[in-house]
Structures are given as structure tokens and as C-alpha cells.
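Hi everyone, thanks for coming.

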Amino acid sequence: MNSKLSRRRFIKGVIYSSAAAASGASYYLATAQTNSNAIVERLLSLTVNGRTRLVDVAPSETLAFTLRNKLGLTGLKVACNRGECGACTILLEDVANYSCSILTHTVKRRSITTVEGLKTADGRLSAVQQGFIEELAPQCGFCTPGQVMAATALLRTNPNPTRTEAREALAGNLCRCGAYDHYLNGVMRAAELLS
Amino acid sequence: MTFMHIGKDFTPPDVEGKVTGDAKYVEDFAPEGMVTARLLTSPLASGRVVSIDASEALRMDGVLGVLTADDLPPSSAPDDPVLASDDITYIGQPIAAIAAISDSIAESAIDKIRIDYERRGFVTDPLESLVEGGPDAYPNGNVLVQTNSLEDENATIRGGISKIKWPPSEIEKLRNGEEPENVEFADGWEYGDLSASFAESEVIIQESFVTAGTPHHCLEPRSSMAYWQNGKCFFYASTQSQSAVVEPLADLLGIEPENVCMISENTGGGFGSKGRVYPTMAITGRFAQLLNRPVQLRITREEEYYLGVGRPGMQGWVKTGVRADGTVAAVDVIIISDGGPTGRNSASSSAQHISVVYTPTAMRLRNIPVFTNTAPRGAQRGPGQNEMSAAIAPIMDKAARQLGMDRAHFRRVNAPHSESPVYESQGPITSAFMAEAIDIASNMFGWTEREAAPRQRNGSKVRGLGIGLGYHSAGGSGYDGLVRITPDGRIHLHSGVGNLGTYSYAGTARAAAEVLKCRWESCEIVRGSTDQHLPHASTQGGSNTIFTHTRTNWVAAEDAVSKLKQIAAIEFGGDADEYEINNERVFKTTAPNQGFSYAEAAAKAIELGGAFSGQEYPSDIHPITQRAVQGLAGTGLVGVAKDNLPKRGIAPGLMISMAEVEVDLETGKHEVIDYVGIADCGTIIHPQGLAQQINGGAVWGFGMASSERHVYDPQNALPANTGLYQAKLPTIMDVPIEMKSGAVDIADPYNPAGGRGVGEPSQGSAVAAVTSAIADALGHSFNRVPVTPDMIVNFANKKDQESALLAINTF
């Protein structure tokens, strides 16, 4: 995961937004129409998958909530909602981040990529998506969008990783089915497809 | 036999959606007008509700309704109620539900509900309840008297509450590895002459053991969403089957099964916890009916650890007698199960594991399911077998060593074969080739040389080798298959099997393509929603899908082939048996030009009607399948049949694992360095899917061996492990960077495609290989899982362990 996304930074974001966020409760706060006294911009311009969209965002709203509930991008999953599992992983620029642990207001000038934005312009699957299919990497599939995004971030900075490097890149993404070996095979296959 | 499809890799149709994000899970559906429900849960471990006042909550803007136990069908203890009232039995138990226009309003409204509770005493450790004078989980007792047998491990346990107490002296004996005497048990079984078999034994070992209860950690929580249209309930849930949950859900909602439409296209992990309905489904369905709006009940990660079912824990004692030739003569086992508030236990299947993989001549089980005020318990991957596998492996190692016998050879001497009798009935199995599996594993791992070599020691790190066996009954019969050929030439393979990500719904459908001798590209699998007309199927659990549903697909496709030939005989003359099929054509064997395509035959089937196109169907198919066929009648050539193929006894899924671990005596951490898993699962149906199950099961085994467990604060019964990183499942850094797997690949004679399942034993053999390897590294067995770092550090420093002997649900 992005070392720049520290817990401190998340908490700072919450304070700036004049709203308290407890770990599990942030999801619910996200919909609250509270804090009418605070002067906070509500209509944000977000760049998601190359398109700029205007979205009404509450100050305490997490990026996972905005993407799933406001923009209909349900590919990312909310499995823990507290930065443990990685199922909500998205890219900020080319860096993998947990979208459950980012306040939407903090990323309004960033380029956001979700799993829905990975296909090429002509509709072909990305190398990671293709590699994962060929190696039958997913099992239940719930963690898969997050694994795809973590692997995509790796290959953008290191297109020819060792198996050890690939393993470290996926270390923030839990898979309860235990498909780790197969995800690693998928990343190595994707690297071959890219070369 | 040479197959066109069986044994070959293919791309299951649902994989692409998983990598693109298009695959939809419960919370991804949000129909127009959907509102949400939230739960009010118990702050008490035990007690009852005296009164509930929700009037203030109901006056809030945006609040739509409240449900309490009075609004739902009554339930009696020890059943797990949808909403508790007379018997609150664990912290986090749902007591009331609020529906509102948003999650946050529902959450705020929950705070406005006033409840008067009556507190009761509680207990978190079965042995503390079993001792005379100890607290009981229910006011009227501490032990489940089970009244139904669990041939289907996903079924609900039925029974009553009774009271059994042991003198403190006998509890102490159990804690110290001795046999308690003159005490009462709730249940058990026995076969063979136990005392005579012990008398023949050269080595007798008796020890106590303890295995922790564990949460399932499915990444998709058990959320649900429902709406009603024209008296029919459309229900979105995360389940292990589309068709097997229809009837229990209809019961829960008080409607007829034909009025339930179950939608479950993808399931984000089940592992036994979603084999049947989960109680909170009743809240979603009832609210949706009352409010006449779509209602979503989202279950959070944290709530999963309270109200999600977990694996029961065990506290036990086992006495094992082994003859001089290494054959196991007798096993005597006592199991005290931690059944949580539901009494769910796996004592019998735990003991059956021993009867299958070590084939003792005589055996006895005595057991008591004890209630505790902890999470409800249910089936979890290899229920009973896998935790017993972990406990028994180091004990069997000890016996082999005392006889001076190689540990792998000891397993081979006792390995089940096709004529081995199993279980308390000493009944037959369909086939077993475990000696062959042990040989393959030994060669791949290099067991003999590595076992003979001295163990490596590097500073504070010591290495050990381990071997483990896994077993689970892996196959059923009697379900229905349904295939349909349409006039466009498409072959529709209808499947009611759930989609947990094993891809066995697709692997088994290929058995139908095999019989129809058709291209896979001509087939499409119809599944995901019961309004797609799905046949009666098993739940996708119990490792059974491969065996059970290759059979149903096979018989349905055979019915279709028979109809193709009959239609051709009507069209071109002669008898049906003068015709054969190939290249998606049916034609006269002696004159191949006299025939037509499957597409033309399907059009003819519609014209002919009757059984050819589903207007008539066999009388022995299940009502669910009957309704499916009625829905399809007249749309093509319908092949439908019940699986009446012969089956001899149990279809065993068997595994052997070998592992090398490195144990750090300074930090107490252990790491799996090398791992091999070999399955005896009949013919390989789908190689990639099989590797996924062997390796994925192994990861589960590593978690059970090292870190996964329920933990409760004994002063308040408050669960302490309520996160993924607390009751910790393995991460990618906790598993070897490369894992090796394989299979015997000898056909099972009772399956037309030759396959048996193996999804569950793959965990049991892995956890056993790790506990065996840790004991090998330390020269000491804890007889406990998980083996946590503090246990290893205490052992290395010759200190007492933190927890009392055999204590459970504690740190």
C-alpha cells in the first residue's frame, strides 16, 4: 500500500472536514446530512477513469462510498471498511490506495482509476485482467478487483517483477479463499503478456 | 476413458466478470426506492428482554418501521432465533431491527430504542460449565440433547436442553490427559472390541487436546436484499446454492417455495457458513413485505464476528493403541464440544476422520455438546474432520516414533483402500487410493531423505517436517439434472449449484457436454437465479459438488441423447438404438446422412411435445425441478432426470500433505517453508480448479495452525477478535512463495466421470502437516491449535503456558 497514506493523514483529513469518523462508523456517517454550519464545498469535480464528473459529496464521505454509491462503480468491494483487507483498492495516479480509508474531499484534484477503468480504449482486457483469467487466479472473486488494482500498480512501476516483488506488492490484499499462489501466477503471466 | 472435456482446463464463464468488476454481489444491487435496515444487538451475553419501547425511534423522520421477536415466527431455545427475546445467549445477538431511508438514520434510531433487560449468568468455556456448580449458558441447562442426525452437515441441529455435570476431579483428569471415570455423556458410538484391540497393542498413548473455535472470515458479509412483486419475494443473498435455500427461505418467510425467487450469482465466500439460510434473511424479507419497498440489510465486518456462525471448538482426550506392525488397533476418544448457544458440534465427524484415515480395528466416541455464551456455531470447511486432523497428527507421530517407524510409512500401513470399512457402521466407501497418494507426495517432497537428515538449526530458528492426512465425505446422490437444446442449436446446462469460486458448477456441467459429445462453445450454463428454471441441487458444500453434480449432469444429458435418438427414429425410421450422435448431429449408424443437427432435433422436439419438450417429465424428480421443467416446457428438447446411479457407501475425499516449517524460538513465529498437497479425488475433472482447492485449503490449514480463533473476555463474554487482523487469516506473506499440488487421478467407479471432491480435506491435511512439523521441530506437541507465538516462546524458555490446561475461548 501507499506509504504516503498514513493513519495520521486519514485522521487529518477527517479533522479538516469538520467531522468525526470512527473506524467502522465512517460508512454510515458518509450519508449523514449533518454539520450545516461548516462551510465545506459539496459539489466536487472528480476525475475517475479519465472522465471528470461533478458529484455531491458530504464532508465525511469515504472515496469507497462515493465511487460505489454515487458513481455506481461497484467493482471495488467494501469487505472490512477499515483498511485491513484491500478489497476496495483503487489507483490514485498510479499508486494503489485503500478507498475505504480516503476521504473523497482529499482527492478532488487527483486522477482516480477503478477496476472499471482498466480495459483498453478498444475494449480489450488489460494484461493483468488477461493474466488473471489465464491462470484462473480468482476464486470467489470478492477480493479480485482489489488484487487486480494492486497488481496493476506494481506493473506500472515495475513491468518485470520477480515473484518476491509481486508477493510484496499484493501483501495488502487479503484473500480468504487462499488463492495467493494463483494470483502470483497471474501477475507473472501479466508481466509476460506486457513484454 | 478418453474425455473431450473432463480433465481439461477451460475458462469458466464467470471469471471475466470477477476481473473487470462486472460480477455482482449482494450489496452491488440497489433497485430504485431501496431502503436499509440495521440491527439492534445485545450488550449482554445472557439474559432476556423484559420490554422494548421503540416509540421514540418510530417518530424520527426517515424511520420506516421496527421489527422485534413478536413480529416473526416463534422459535424455541436452543434454535438460533432471528431476533432474541426470551433467551439472549451472546453479545451481539440481534434483538430488534429498524428500517429507514438511510443507514445513518437507522443507526440513530437504534439509539432511541429503550430496552429493559434481565441479566443472567453466562459461560465461555465448556469445561467451566461441565464442572459441578459451574454456570450454564441457558437457565435450564448446559448440554444439547440432539434429536436429529447430521447426515447433511449443513442442516440445522435440532434438540433440547439438558444438564450434565462432572465432579471437579474428573474435569482435572481430562485436563491432564487422563480418562475421566464414572461420568455421564450425551452421545457417542462404538465399533469393534475395544479392550481386546488395546490388549493387542504394542504402544498405547493417551493425551488431551484442544482446538479453537474459528470465524469463517468470508470477505463478503452475509448481507441480503429483497423486494416483493405480485406476491412473490425476489431475494438477493450470498449463498452456497440457489436451489437448496429456496425451501428453508420460504419457511422463514411463511410462503410457498414457488413464491421465492432466489438470486445469488456470485458468493464472496461461504465455507459452510452460507450452506442454508441465515436468520437475518427473515428481517430483510419481512421488512420488504411490510414496507412494500426493496430493503437491504447490510452486515458489517464487525457484526460478522458476533452473529456470523463459527467452527465449534473441542476439548478432548484420545487414547490410541498401535500394534508392533504399525497398524492402529484401537482409538478411544472423548470430545467436549463448544457448541456456542446453538449446540452445533462436529464430534461424530471428528471421530469419523480417525476411522477413515487411520482405519483402527476398534473405536469408541463419547461426547457432550456444551452450550456457551459465545458466537453461534455452524458448519465450517471440513467440520470436525479438519480440527481433529490437526490434533491427532502429532499424537500419531509419537506412536510411529515409539515403534521406530517412518511417519509416512506408518500412514501408508494404515491408509484406506477401496475395500476399507469406515465409520461406526464400518460400511463401505466408493473407492480410495491413499497409499498411492502417499507415495506421490513422498516422491514430490523427497520425504524419506529429508526425514532421515538431521534438522537444520540456524540461530534461534529450528526446522521441522510434518505430514498430515485430510478426509471429508465428498459426494451425494439423488439430485436432479436438467439440460435443454434449443432450435438455435444452443445447449443450455441448467445448474442450481452455488458459485463459491470453486468453479465446480461449471466443471460438473462439462459432464453433460461430454455425454452430448458437443463443443463447449455450443454450451451455456444457466444459473444464478431460480427464475432461470434451475433443477434441484445440493448446496455447494461438503466437498460434494464434483461427485454429486457430474452425476446429475450425466443422467440429464443421457436422457437428452435418448430423446435425440428417439426423435431421429421418428423422423428417419427404424429404432432409436440404430442411431448415434457426434458433432452435434444425431444420425443412423449405418447411414450417417440420415440424420439431422441438434438444432433441427430440438425444433422437432417442440413439434412432438410430450416428454420431448418437457410437457411431461419423470415422476421421481423433485418439486423444484418439476417447476423448472414446467417453466421450460415447449422451448426445446428437454433432458431431465433424477440421479438414480448406483453408489456404494461414502464417497471419500482424501488428501495428504507434507510441510517443512521453521520455528523461531525467540519470537515464537513459525513459517511454512515448503508445502506439497496430493489429493485422492478420483479422476481430475478441472486441473486449475483442483489446484485452487488444494492450495486454498492449505492456506486455511496454515491459518488454523497459527492464528485463527475466537477469543472472549471471560469476565464479560465480550468477543476480542472482531477483525480480519485479530482472528487473523493468513496473508500472502504467511504462505510459501510457491506451493506444489497434485493428484492420484484414478477414477472412482461410482462416478461416471470418475471424480470425487476435495475442497475440505485440503485444509485438514495442511493444518495437520503444520502441527506435525512444529512438534517435529520442537520435540514437543502442544496438542492445541492454533499454536500461537506465546506458546512457543514459553516452551522455549521452559515457562508455564498462559492459559489453563485445555482452556478455550481465551488468550
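How many of the 14 residues of H5(A) are buried? The count is 12, so to speak plainly, H5(A) is mostly covered; buried here is 20 or more other C-beta atoms, placed from the backbone, within 10 Å of a residue's own.

A quick word on where this comes from. This is a predicted model, where local features need pLDDT of at least 70, side-chain atom pairs count only at pLDDT 80 or more, and totals for chains, interfaces and linings use all residues. Residues are numbered from 1 along each chain as its sequence is written, while chains are lettered from A and ligands numbered from 1 in the order in which they are written.

Back to our helix. H5 of chain A covers residues 144-157 and reaches 20 Å from first C-alpha to last, close to the 20 Å expected at 1.5 Å a residue, taken as 1.5 Å times one less than the number of residues. Among its buried residues are Thr144(A), Pro145(A), Met149(A) and Leu155(A).

Zooming out, 42 residues of chain A are in contact with 46 of chain B. H5 of chain A is one of the elements giving two or more residues to that side.

Key: Helix = DSSP H or I, 4+ residues; strand = E, 2+ residues; numbered from the N terminus. Contact = placed C-beta atoms within 7 Å.
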